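Work through the exercises below with the sequence and the model side by side. Try each task before reading its solution.

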Amino acid sequence: MDARTALLQGTKLLEDAGIAVPRLTAEVLLAHALRRDRVYLFAHPEHELAEVEWIHYGRYLHERMQGKPTQYITKRQEFYGREFRVTADVLIPRPETEHVVEVALALPDSRSRILDIGAGSGALAVTLALELGAASYATEISPAAAVVAAENARRLGARVGIVVCDLTEAIAPGSIDLLVSNPPYVPLRERAGLQREVRDWEPAAALFGGETGFEIYDRIAADAPRVLRSGGWLVLELGFGTADHVAHLLEGWRDLRVQPDLAGIPRVIAARRP
């Protein structure tokens, strides 16, 4: 079977299974099976699949049809122009989280010591370390996720110190200039309504922020004044409908600002420790 036919068959299988963007997904999975870039498929549609390539492609299609996210199959996800390794131990980095980076980069004053709470793949910690040339640290409650973050930092050449702990409990007082986080913010009561790719595959600890979705925000806001230096910045990604609650938590902080995403939805909140 050649690549052209494999793509047609794969696209039909994914389409019949109700998978979004079936053609693109088939291209990504076939390229992964061939250990090539997608552009190779367009340049060489006549490529005859070896038996092992066909076996891998078939397995990847089956996994995707069962709901496994494409990123967990290929173990890759781009974030802020860099390729990160992802496994089922970490949340898949979303494009919306890049707004956290943009807000952090635009802040005034020194950001020589950065902390990412709940690092997951390390997307925020690694990106900010590289973009700012700063010392970056990350905390992660999951040892398995911390391993993924450490691997991404090493592979991308970022100086990131990773600590396995709950939120900020292992961080010294007044030691951080910039604290960032994409915390779990999905209410547990909304679990049944999530897409199966999210609900059944992504780690629950990285998704759910208690019954209301505010639990982790509450804890971060309560301890942030302890770990931030005077005048240090806190930058948090906002879940849908969380902006008012988080802004209330930060009453009394200076220079509070909320940044919407491209759809106009409040996506990032930043404030300065008084």
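The model is predicted, so local features need pLDDT of at least 70, side-chain atom pairs count only at pLDDT 80 or more, and totals for chains, interfaces and linings use all residues. Residues are numbered from 1 along each chain as its sequence is written, and side-chain values use heavy atoms, with hydrogens and water left out.

**Exercise 1.** Find which strands pair with strand β7, and in which sense.

Solution. Step 1: locate β7 at residues 228–237; strands are DSSP runs of E with at least two residues, numbered from the N terminus. Step 2: look for partners, where two strands pair if DSSP finds at least two bridges between them. Strand β6 (residues 176–181) runs parallel to β7 and is joined to it by five bridges. Strand β9 (residues 266–272) is antiparallel to β7, also with five bridges. Step 3: check one residue. Tryptophan 233 is the bridge partner of leucine 178, and in β9 its own partner is arginine 272.

**Exercise 2.** Decide whether leucine 234 is buried or exposed, and list its contacts.

Solution. Step 2: apply the cut-offs: buried is under 20% relative accessible area, exposed over 50%, partly exposed in between (1.4 Å probe, protein chains only). Leucine 234 has a relative accessible area of 0%, so leucine 234 is buried. Step 3: search for contacts, meaning heavy atoms within 4.5 Å. Leaving aside neighbours within four places in sequence, the contacts of leucine 234 include Leu179, Ile220, Trp253 and Ile269.

Note on methods:
Helix = DSSP H or I, 4+ residues; strand = E, 2+ residues; numbered from the N terminus.
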